[in-house]
Structures are given as structure tokens and as C-alpha cells.
Amino acid sequence: MSTAANKPIGPYCGIYVKQESTAFTAEQWAATDVFRAISPTTMGDHTRAREEIAETRCSRGKHAEVLGALEPVEWGIQARLKGSGTAGTAVPGRKTLMEALAGLSETVVGSTSVTYESNEQNPGTTGTIYRVSRDGKFGELLEGAICQQVELVCTRESPGPTLNWTGIAARKYEFMQTTLNGAIADGVVTSMTLATDCIRHGSEENAPTSLPLWVKIEDEIVKITAFNHTTLVATIVRGEFSTTPAAHADALAVTPYAEAGTYGEGGEAISPNDWTVVDANLGTLKLQELTVTLATGRDFDPPESGDIARTALYNGDYAGTGSLSYIFASDAAKYGLQRALDAGTELDLTVTMGSVAGSIFTLNLGKVRLIEGVPKDLANGEIITVTQNFRLRDNIDTLLGQFQLVET
């Protein structure tokens, strides 16, 4: 039972997001790769499925089975809109999510703006996502992560405008705090024995290799690259993260490693009331909520022979959808708006969030097609909240309506 002294205050201090130099190969992160998220952040689980084979036999039932492939791990990150505090300077974690994982292009104009928008090319980038529990005992790492959906939500209710990223990863690894079972004699030794079976990797391999787990022993960071679940012997790389290899005594704590984060967010968090929506023809639209969702079209190829996890990806078409909600009263003064926002209407929307330099976000939606109109059968004077869905469109040669987020 938890007590007032040991209850955690927030499960995680931050989440690290790092572009992988080689796709589907975990990357060592840095202190500046940390990113503040709204809890809870989703990092799913995966195991290899066991597939039964219906071989002929004398009795009823099935006795044969084989291990299937590892299915992708689902993940999700939600964060408040907050800039770096300096126009033209990107927030590292958000940059990685937008560019490397979602596959958007980034254009930086120094001291002026950072723009993320639909990329007409076929990015082959993936990312590493990592977090450690606030008590420092449990670490989770996703390898080969891609973002399949970016969602912007502006609301008049707390916590104000947010960006939400959801996607999948090829692999997940976990490490639970343990202790050394035997001393490490000096800084040259490349293996260590652990006291418990503290590693999960989804596969049922007894001695997996190519593990990407960084752990801390006193002042040294080591990387676990292989582990034997029977002997509890781990193969390690010494002196990671610029630390010095050293001898370590028996029974010392071995904990998942996370650097003290250097957050790149120095701007103002945007309040629930500090956002506006303007149409090029109608002017300012007084909305209660606006949601814009961009499906990035990114996915993994099916597994190939010899692979237990996904090792390749493809980029399909972008698809943008959304909805806008507003107060509508059925009096004569509203009839013009009713017609202007009828089904089939095309809008040119500019969404401006924030007003302090270094934390101003502008979403440009050049071609928005309303899917349905406002209700026509309201009683006189009736006031309701209308929600209209829309889709984003583009021209044959230009992604006008898909997604363009500018930070200034």
C-alpha cells in the first residue's frame, strides 16, 4: 500500500524523442531531446503471437504451435502548445516528432519562423522514444517509431490548444531496476551478472542480441547489448554518454538511465482563450472548438522472411479531416451565416494560437471543404452548438489544404 511519503507525483518527468540515424535502430538520446508531455503518454506492449497448427492426431485438440511475428507497438503523445521562446528556433522534441516521425518537412528561417508542412517526398526516417518512471526504477524504449496521425485541438476549455501524435513502433524494450550479482572488476570488463531477470523485449528468445538498453551503475552509463535469461549475464558497452568506465562492487543498484532534461521550451503556454480562426471571405469565426487531424500515410511493410519485427516502411497519401463547433441561434441575423457555412462550402482558414513572440503558432488550411451544413429545422430563437465536419483538399500540383504549421 502506498503512503503519503512514497506516492509518485506524476509518473514521468519527460519523454525523450530522437531521430534514428539508421532506421529501426535505436539512437542514443541527449539531454536536449527531452519533451514535456501531458500524462498519460501511451506506450503499448507487444509479444510474439503463438499460432496453433491443426495437425492430424488421434485425440481431439491441437498440440503444435509456432511463434508468429511481433506486431507493431502503439504509442501516443499529447502536449500543450509552447514555443522555444525565440522565433525561428525549434523545440527539439517537437521537431523530431513532426519531421522524423510524422515525415513532415521543416523550414527554418533564422530569428523568424519554423514551418512544418506536408512533405511531397518519401521520408524514410524513424525515431527512438524513451522514458523513465519518476522514481527512476522503470525504463521503456520504443525503436523504429513512426507517427501516423497528427492532431491539433483548440478548445475554450483547459488545457487550451494541444498537439497530439499517435503512431506505431517496430520494437519495445523494458528494464526494471535491479542490482549487480557480483562485482565488475575494472573498466575493461564487457559483461556483468544481474540479480534478477529484469529485461523484457517482446520476443521469447532466451539470449537476445542487439538490445538497446542504457543503464546506470554509480557514475557510469553502460549499454546492454545482449542478455541471457538463464544465466542473467548481460553483455555491455562501457563508458556510454561520455562517462568513465570503472570498477563496481557487488550488489550495487543498476537503474534505467535518463539524463536530466534540458527542455527547449522557453516560451509562453497558450491559454484556452488565446486562439482565433479567420476565413479569407467570412472573416473571424467565433468557435468553441476546432480539431484538425492529419493522417500522415506512414505505415510499416508486412514482415519479411527472417524478421520477427518490422524493418521497412512506406509513405502513402496524406489525408486531412477535422471539425469546427460554434454557437448557432435560429434568428434572421444568422440566416446569412447558415448559407455561408452550408455543405460543400470551401473555406480558407487561418488559425492563430498565442500572441507572445517565440510562442505564436499559425495553422494554414488553404482548402477546407465542409461535409455537411448547419441544421435547418430549428425552432425560432433556439440556440444550439453546431459541429460541422470537413476535409482538407489540395490542387493536382500543390498540397494547399493539407497542413502547414508555422511557429514564430
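Biologist: Which residue just after α1 takes a positive phi?

Modeller: Gly103 does, with a phi of about 80°. A word on the model before we go on. It is predicted, so local features need pLDDT of at least 70, side-chain atom pairs count only at pLDDT 80 or more, and totals for chains, interfaces and linings use all residues. Residues are numbered from 1 along each chain as its sequence is written, and side-chain values use heavy atoms, with hydrogens and water left out.

Biologist: What counts as a helix or a strand?

Modeller: Both are DSSP runs, numbered from the N terminus: helices are H or I with at least four residues, strands are E with at least two. Here, α1 covers residues 92-101.

Biologist: How many residues of α1 are buried?

Modeller: Buried means under 20% relative accessible area, with a 1.4 Å probe and protein chains only. In α1, 7 of 10 residues are buried. Among them are Arg94, Leu97 and Met98.

Biologist: Where does Val374 lie?

Modeller: Val374 sits in the loop between β26 (361-370) and β27 (383-392). Val374 counts as buried because its relative accessible area is 3%. Its C-alpha atom is 60 Å from that of Glu240, 134 residues apart along the chain.

Biologist: What is the strand order in the open sheet of 6 strands?

Modeller: Two strands pair if DSSP finds at least two bridges between them. The order is β12-β18-β15-β16-β17-β13, with antiparallel pairing. At the edges, β12 (178-179) and β13 (191-193) each pair on one side only.

Biologist: How many bridges join β13 to β17?

Modeller: There are 3, and the two strands run antiparallel. Met192 has Ala234 in β17 as its bridge partner.

Conventions:
Buried means under 20% relative accessible area, exposed over 50%, partly exposed in between (1.4 Å probe, protein chains only).
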